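Dear colleague,

I am passing on the structure below, together with some notes on what turned up when I went through it. Please keep it open beside you while you read.

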Amino acid sequence: MRSNVKQNGAGLGTKRTLLVLVVSAVYLVHQDFWNWTRVEPLLFGFLPVGLWYHALYSLLASALMWVLVKFAWPKSLGEIKRKPPESDVR
Amino acid sequence: MIPGIIVLVYLAVVAYIGIFASRRGKPSSEDYFVASRSLSQYVFLLALFGTNMTAFAILGSSGVAYHRGIGVFGLMASSSALVIPLTLFFIGTRLWAIGKKFGHMTQVQFFRDRWECSAIGTVIFALTIVMFVPYIIIGVMGGGQTLEAVSATIGPDGEPRAFFSYEMGGALVALVIMSYVFLGGMRGTAWVNAFQTSLFLSFGAAAFFMISRNLGGLDEVIAKLAAEPKTAPLLTRQRIPVEEFLSYTLIPLSSIMFPHMAIMCFTAERVTHFKKTVVLYPICMTLLWLPCVFLGVVAASQFPGLRPGESDDVLLRLLTANTNVWLAGILGAGIMACVMAADSQILAMSTMFTEDVFAHYGGRERFGQQTEVWTGRAFVVGVTVVAYLIALQLKDKASIFELAIRFAFSGFAAMAPVMTAALFWRRSNKWGALAATLWVAATMFGSWYLYSATQEIAPEPGQPFVQIFPALGNLFQRSSTNVLVHGYLPVLPMCLGSALWMIVVSLLTPPPKSATIERYFPT
């Protein structure tokens with residue numbers, strides 16, 4: 001039983017580390033210094049690389065959010081019930 | 001005349017939607033200010049996105065791209081496409097949950113309860129209002145300016161004539177906004193925002209195709225820009241320094257700290273509504289910003305030589321020059337949809353005054369919820385009228401408010417560590433929050449002062465940065481548009497300092513009561 005709990009904890013830790021790495025990687029590829037002074041290749045003959053790269057980047061951000069929703073959604077928040085505040089700081 | 005009439009019809013539809021929403025209302029403050037936390041999935045997504053997109057997203061982004069090139073998309077749009085959904089995922093969902101659990105409707109209510117201190121809420125309230133007011137004024141000004149520009153036609157003498165003057169247009173837009181916010185509250189505002197978002201998302205793409213078809217091939221326009229040494233840098237990021245590009249990714253942290261965005265997070269019926277919202281948000285950003293930035297660059301070949309400020313209406317110029325009057329009117333209505341973001345800001349201001357001042361100091365208990373709602377409505381009228389009067393008096397001083405908004409964005413972004421600590425760090429306390437808030441206020445006004453004091457030594461665009469204090473080397477520099485700290489935007493040290501003050505001062509002072517920690521972090 002205890003080893004199962006340990007394994008689950010280790011699994012959660014690995015998943016969290018992986019997700020942090022993925023988010024960091026997506027953040028880093030936003031800084032595309034290699035495209036700074038380039039115009040080509042043009043997409044559809046008119047979109048400069050600095051523009052279509054970041055349009056694709058936005059789609060990557062959307063995919064990242066899908067991954068977070070799938071693997072890191074805070075399920076406990078769905079069970080919240082209304083309760084009046086206990087303290088009065090007035 | 002025709003575009004003016006189309007925009008009038010659009011305003012009537014918007015007013016009807018907002019007023020119709022009021023029929024669904026219940027006589028409670030929670031219903032008026034956060035729509036009884038009952039917004040459906042797609043209304044929530046569209047309203048949240050529309051709330052965050054102001055006149056700047058359409059008109060301003062094209063104007064900036066006209067001078068700085070295609071890099072504006074990466075600088076402002078794709079960074080927001082990552083950072084804003086992340087803040088909604090991590091902060092927005094938690095805000096929704098604590099709102100649902102404890103009945104909070106504003107950030108200040110949460111801060112006061114979380115840190116067991118009324119005063120810390122009052123300090124954050126004061127700073128928030130100072131940073132937020134210019135945003136509302138510029139929203140009302142934008143309504144007048146855009147309606148004037150959209151309704152302008154070329155007269156027989158070749159001079160442009162506006163169907164609506166700035167004063168009349170501003171009054172009309174303010175009146176329409178005031179009526180549906182007054183009657184419909186959050187539900188009316190959210191429905192109108194959802195309608196407006198659908199409109200400007202579809203018309204942005206339509207404008208792009210119409211203009212590009214009329215120009216006879218965008219590849220030729222791009223080739224022309226690339227061949228000209230003056231305009232060739234617009235197709236690259238040569239006019240955006242690497243340090244600015246990097247530090248600008250912190251600016252979208254401001255989004256969740258803006259009161260109208262945070263309050264909008266309380267309105268979803270279920271927390272699962274955030275799932276599709278965070279996935280689709282980056283796509284909506286691309287649909288709106290990509291055509292606007294690209295057309296801003298295209299405008300550099302069509303209308304060369306415009307100065308900053310003159311270039312804010314390049315999109316309207318492109319529309320007028322490349323479409324017929326009917327289409328220009330319909331697309332103008334789409335632009336009006338974006339400009340009219342002042343509605344949720346006015347409602348947020350009213351919510352804050354009513355909840356954080358009126359209700360907090362005993363007004364709700366003494367006078368009841370109906371009076372509370374009417375107080376909120378009175379604030380809507382008051383704020384709109386005052387904003388309109390300021391917009392009239394300071395018509396030619398819009399740049400002051402635009403400047404204030406730029407610094408406010410850094411200020412709101414630097415408050416994000418305070419919110420993060422409140423939600424995720426048990427040990428954080430009111431003293432840490434106070435230290436971080438004072439740091440944000442001091443650095444924001446300090447950078448504003450440095451900016452104003454160095455106007456005369458500011459270099460021309462494209463020229464090397466100037467040292468502000470030569471004895472300190474490159475620590476403080478002045479570019480044509482910003483004060484820089486070691487080449488980075490002030491938002492970088494502001495955010496780092498805010499986080500550091502929060503951590504250090506919280507650790508040096510007593511933790512919150514265990515009962516409070518248990519309420520917010522149940523074991």
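In this predicted model, strand β4 of chain B, which covers residues 476-478, pairs with β5(B) in the antiparallel sense over 3 bridges, and within that stretch Arg478(B) stands opposite Val483(B) of β5(B). Both strands belong to an open sheet of 3 strands in chain B, ordered β3-β4-β5 with antiparallel pairing. Its edges are formed by β3 (466-467) and β5 (483-485) of chain B, each of which pairs on one side only.

Chain B also holds a pair of helices worth a look. The axes of α7 (residues 118-150) and α8 (residues 166-215) of chain B come within 7 Å and cross at roughly 120°; angles from 65 to 115 degrees would count as roughly perpendicular and those over 145 as roughly antiparallel, and α7(B) and α8(B) are therefore oblique to each other. Their crossing is right-handed. The residues that meet include Val140(B), Met141(B) and Leu147(B) from α7(B), and Tyr166(B), Leu172(B) and Val173(B) from α8(B). By class, the residues of this contact between α7(B) and α8(B) comprise 7 nonpolar, 5 polar and 2 charged.

Finally, there is the contact of the two chains, to which chain A contributes 37 residues and chain B 47 residues. On the side of chain A that touches chain B, the elements giving two or more residues are α1 (2-28) and α2 (49-72) of chain A, and α2(A) gives the most, with 12 residues. That side of chain A has 22 nonpolar, 10 polar and 5 charged residues.

With best wishes

Terms used. Residues are numbered from 1 along each chain as its sequence is written. Chains are lettered from A and ligands numbered from 1 in the order in which they are written. This is a predicted model: local features need pLDDT of at least 70, side-chain atom pairs count only at pLDDT 80 or more; totals for chains, interfaces and linings use all residues. Axes are lines fitted to C-alpha atoms, for helices over the stretch in contact, and angles run from 0 to 180 degrees between N-to-C directions. Helices (H or I, at least four residues) and strands (E, at least two) are DSSP runs, numbered from the N terminus. Angles under 35 degrees count as roughly parallel, over 145 as roughly antiparallel, 65 to 115 as roughly perpendicular and the rest as oblique. A crossing is left-handed if the near helix is turned anticlockwise from the far one by less than a right angle, and right-handed if clockwise. Two residues are in contact if their C-beta atoms, placed from the backbone, lie within 7 Å. Ala, Val, Leu, Ile, Met, Phe, Trp, Tyr, Cys and Pro count as nonpolar, Asp, Glu, Lys and Arg as charged, and the others, Gly among them, as polar. Two strands pair if DSSP finds at least two bridges between them.
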